[in-house]
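Trainee: Hi, could you walk me through this model when you have a minute?
Mentor: Happy to; let's open it up and go piece by piece.

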Amino acid sequence: MIASILEWLTSSATWSGDTGLGARILQHLWYSVLAVGIAAVIAVPLGLWVGHTGRAKWLVSLANSLRAVPTLGLLFAVALWLGPKIQSDLAFLIPSVVVLVILVIPPILSGVYAGVEAVDPATRDAARGMGMRGSEIVLQVEIPNAMPLILSGLRSAFLQVIATATVAAYIGLGGLGRYLVDGIKTGDYVSTAGGALVVSVLALVVDGVLAIVQRLVVSPGLTGGRSGRARRGRRNPELANSSSRAGMSGADGGVDSDAT
């Protein structure tokens, strides 16, 4: 079985054509990016508002409750409701994207809200004391400090949507889900297993790329990494030297007092 899967993955016939593996991967990524993009447009401003003002926290709880909705059942319900109203190929795309957006709003909204809500109140007070307005505090204080959790929410959203976008194939859409649906239908378990493997690898690759982006974007001072500590040491070499000298003098003083 493993040898057959490897042969299928490395075959030129598998990758060629509009229905080949390369085209399916691009379709799958397009559905995923579209869904996460729409969800981010909705969830990021909402999360910033809830976290900044402390109002309507029930919206976060409501969004998290959507995680319990069966994705496949919701897809069929939305497709049956919207499909007859759309007279084009969008009748397959729109229901799928709507369901995927509903799926990935909770992790993005929760990440943004948790990141902003966790900002030290003293930091906000200091910003207000400097004369910053509410929008300036959000843009210059809260978002930079909340960036680790914001990006973590986006990474979680991408993982979920890439893994779940396969359900779009059940209503006739493309993507990697075609290998799973068509393979099970025709008894071609090699392509089914190969498609599932590609979905897993694609999710890991995207998560790895986003992890690199997160490492580059987030300030080392927020992560507590070595680079952050090294930078602080380089910025304040005199302070570090003076602290070292103070420690040495304190130790010398202790010896003299004992001797006396």
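**A chat about the model**

Mentor: Ala163 has a relative accessibility of 46%, so it counts as partly exposed (buried means under 20% relative accessible area, exposed over 50%, partly exposed in between, with a 1.4 Å probe and protein chains only).

Trainee: Before we go on, what sort of model is this?
Mentor: This is a predicted model, where local features need pLDDT of at least 70, side-chain atom pairs count only at pLDDT 80 or more, and totals for chains, interfaces and linings use all residues. Residues are numbered from 1 along each chain as its sequence is written, and side-chain values use heavy atoms, with hydrogens and water left out.

Trainee: OK, back to Ala163. Where does Ala163 lie?
Mentor: In helix H8, which covers residues 134–164. Helices (H or I, at least four residues) and strands (E, at least two) are DSSP runs, numbered from the N terminus. The C-alpha atom of Ala163 is separated by 9.5 Å from that of Gly177, 14 residues apart along the chain.

Trainee: And how many helices and strands does the chain have?
Mentor: There are 13 helices and 0 strands.

Trainee: How much of the chain is buried?
Mentor: Of its 260 residues, 38% count as buried. The chain exposes about 14,600 Å², and carbon and sulfur atoms supply 65% of that; the areas come from the Shrake-Rupley method with a 1.4 Å probe, and for residues only the protein chains shown count as cover.

Trainee: What share of the contacts comes from residues 24 or more positions apart?
Mentor: They account for 74% of the contacts in the chain with a separation of 6 or more. Contact means heavy atoms within 4.5 Å.

Trainee: Switching to H3: what span should its 33 residues have?
Mentor: H3 (residues 21–53) should span 48 Å at 1.5 Å a residue, and its end C-alpha atoms are 47 Å apart, which agrees. The expected span is 1.5 Å times one less than the number of residues.

Trainee: Where does H3 bend?
Mentor: At Ala40, by about 30°. That bend is the angle between axes fitted to the seven residues ending there and the seven starting there.

Trainee: What comes just after H3?
Mentor: Gly54, with a positive phi of about 75°. Ala56 has a positive phi too, near 50°, in a residue other than glycine. Ala56 lies in the loop between H3 and H4, and, leaving aside neighbours within four places in sequence, Ala56 is in contact with Trp49 and Val50.

Trainee: Which residues does Lys57 touch?
Mentor: With neighbours within four places in sequence left out, Lys57 is in contact with Val50 and Tyr113. Lys57 is in the loop between H3 and H4 and is partly exposed, with a relative accessible area of 41%.

Trainee: What is Leu21 in contact with?
Mentor: Beyond neighbours within four places in sequence, its contacts include Trp8, Leu176, Tyr179 and Val198.

Trainee: How many aromatic pairs are there?
Mentor: The count comes to 1. Rings of Phe, Tyr and Trp (its six-membered ring) pair if their centres lie within 6.5 Å; planes under 30 degrees apart count as stacked, over 60 as edge-to-face and the rest as tilted. Trp8 and Tyr179 form an edge-to-face pair, 5.2 Å centre to centre with 85° between the planes. The pair links distant parts of the chain, with Trp8 in helix H1 and Tyr179 in helix H9 (residues 177–186), 171 residues apart.

Trainee: Is Trp8 buried or exposed?
Mentor: Buried, with a relative accessible area of 15%. Tyr179 counts as buried as well, at 12% relative accessibility.

Trainee: Last one: what does Ala165 contact?
Mentor: Setting aside neighbours within four places in sequence, Ala165 is in contact with His28, Ser32 and Leu100. Ala165 is found in the loop between H8 and H9 and counts as buried at 2% relative accessibility.
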